[in-house]
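Morning, everyone. Please take a look at the structure on the screen.

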Amino acid sequence: MPNFKVSSPYQPAGDQPEAIEQLSRSILEGNQYQTLVGVTGSGKTYTMAKVIEKTGKPTLIMTHNKTLAAQLYSEFKSFFPNSHVEYFISYYDYYQPEAYLPRQDLFIEKDSSINEELERLRLSTTASLLSHDDVIVVASVSANYGLGSPEDYRSIVQKLCIGDEYNQKALLLRLVDMGYKRNDDFFDRGDFRVMGEAIDIYPAYAEEFAVRVEFFGDEVEALYTFNSLTGEKEEAKKEITIYAANQFIVGKEKLAQAIKSIEEELAERLAYYQREDRMVEYQRLKQRTEFDLEMLEATGMCKGIENYSRHLTGKKPDETPYTMMDYFEMMHEDYLVIVDESHVSLPQFRGMYAGDRSRKEVLVDHGFRLPSALDNRPLMFNEYIHKAPHFLFVSATPSSLELELSSTVAQQVVRPTGLLDPPIEVVDSTYQVEHLYDRMKPVIARGERVLITVLTKKMAEELTAYYNDLGLKARYMHSEMDAIERNQTIRSLRLGEFDILIGINLLREGLDLPEVSLIAILDADKEGFLRSETSLIQTAGRAARNVNGQVLMYAKKITKSMQTAIDVTQQRRQTQIAYNIQHSITPQTTLRTLDTDLKVEDAGELYSKQSKLDKMPKAERQKLMQELKAKMLAAAKNLEFEEAARLRDEIAKIKKL
């Protein structure tokens, strides 16, 4: 049984001990579905970590976006410093899938920018799953997309042991079959080089180390890792296993079978186009597929190889593709899948298949791809939801699906800090702007902040201008702002440079500001996504970090969603108050340091400098580029890849000047 040990200065408190016990017991009893309903600030991530520790199961943690995945990865790395915590998200900084628009007769070629560090982390994930038991993988929706066969990946490895004999030429050919290439000049990940009686191998999944194999004749005399940058020897090894350089590698025999299968499908499809007298599609498919076949025969790879995944993995038409879950299943039959923010993640997982399918059906129909490309797809929802032996759904507002599926629903209502859910007050919306002005003044006088949610970008801009004209300090935030500007806006709010932040849908999950004590929801009775039961509860939760937290809902009538949000909040408050009285707890506002929370350092200052680029001397622009590059590298190291990509784009803009 894997040994997971949580490293944390805290002990379970509030509702955490009971939730951990309930969920762990349910999983160990063999139940497939469990749900953790946890209010904002109740320590759901810590509870997840303790459940992993108690059940001892290898775990796949999935969420709906890369930003939240990076945050979870950082937290679980700190919780489990002695376990293998891995990160598996899409390895593209930018990705434009191939598509065809029949009305315009326009084919859009696949265009992408691969992030080498993310690609390494993906390979590190699959290598860890094959090598270790104590594995925790934090993943985005990418884990639902097709991968190569885990059996093939496991079979194409090279084990090296001191004292064993290897024909050096055969070893080099084996490395080529595994996707590695010889490079004696520039040694990088996925390369090997020959230096007399030694062979250096830089595993595609390694961060900084490479492997040196020293021979005496054909016998391995020494085996050790070394720093790939400095060449400094690090650790002697008795044996080491090298894994393939990508997840779609297959053996020679299987590749030959795949090529034959692709040729058969091509002949069948070309015959169909001939019968239908569709010679444009006939010629298009013939030319493209034959080129791919030549590349596969020559190198074992081709552009868009994933579109032939059904042939490479030996799957049948419409059969469920291999995904990250199959790698877990192969090595660890009994594993756990945790779906964080499940009220958002599960609907996103559900919608992935249909969007992918509709785009590819057009490509197949017009001769850009073989029909087997349709089998390179994400999991359908019914395949996903039944695949793992154990699921744990985590959310402050789970949907009816999670609750209906679950054998156990654990409630985590009480916060370790003793903080209460903010009271909700419904106010007539006739004079909502003027009324809110009067309610904000005492809040601002206490040195606290205000968040206002509106329905449109125009309303956010006009309301900001109106309150600024009245002498208040307000700013708005919307989706067109880049990451640096958004982070700097939040930082400025916390520093007190302004007091009121106005937005639309950016004020729900993941924005935890302890300085905010008043949330105002304008036009709360306008039913829809932005004013649904889930959105209202999530928005109200942003005030739960401050002991003076309060929520104002401006409306002409109380809708069903509003009433549910009010009832849920009131019920939670009663439970929290009773617990605080019983345990003599005095609620305290959450204390969070600025840089630890937002991780933006002085990126905002850099942003301000960029607004004056045209007037800036060349020497200053060069200095700014150096500062931005340092920020970009730091962001990449902290797994903040979206911010790193934006910083890279900013550097490119300055270079043009």
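In helix α11, the buried residues are S342, H343, S345, L346, F349, M352, D356, K360, L363 and V364. Buried means under 20% relative accessible area, exposed over 50%, and partly exposed in between, with a 1.4 Å probe and protein chains only. An α-helix has 3.6 residues a turn, so residues three or four places apart point the same way.

Now, a word on the source. This is a predicted model: local features need pLDDT of at least 70, side-chain atom pairs count only at pLDDT 80 or more, and totals for chains, interfaces and linings use all residues. Residues are numbered from 1 along each chain as its sequence is written, and side-chain values use heavy atoms, leaving out hydrogens and water.

Back to α11. It covers residues 342-365, which is 24 residues. Helices (H or I, at least four residues) and strands (E, at least two) are DSSP runs, numbered from the N terminus. From first C-alpha to last, α11 reaches 36 Å, close to the 34 Å expected at 1.5 Å a residue. That expected span is 1.5 Å times one less than the number of residues.

Where does α11 bend? At G351, by about 25°. The bend is the angle between axes fitted to the seven residues ending there and the seven starting there. After α11 comes G367, with a positive phi near 85°.

Next, strand β1, residues 33-38. Here 6 of the 6 residues are buried, so β1 is largely enclosed by the rest of the structure. Y33, T35 and V37 lie on one side, Q34, L36 and G38 on the other, and both faces are covered.

Which strands pair with β1? One is β18, residues 390-395, parallel, over 5 bridges. Another is β19, residues 408-412, also parallel, with 5 bridges. Two strands pair if DSSP finds at least two bridges between them. Q34 has L392 in β18 as its bridge partner. For T35, the partner is V409 in β19.

Finally, the whole chain. It has 22 helices and 25 strands. Its radius of gyration is 28 Å, close to the 26 Å that the globule rule gives for 657 residues, so the chain is as compact as a globular protein of that length. That radius is taken over C-alpha atoms, and the rule is 2.2 Å times the number of residues to the power 0.38. Of the 657 residues, 53% count as buried.
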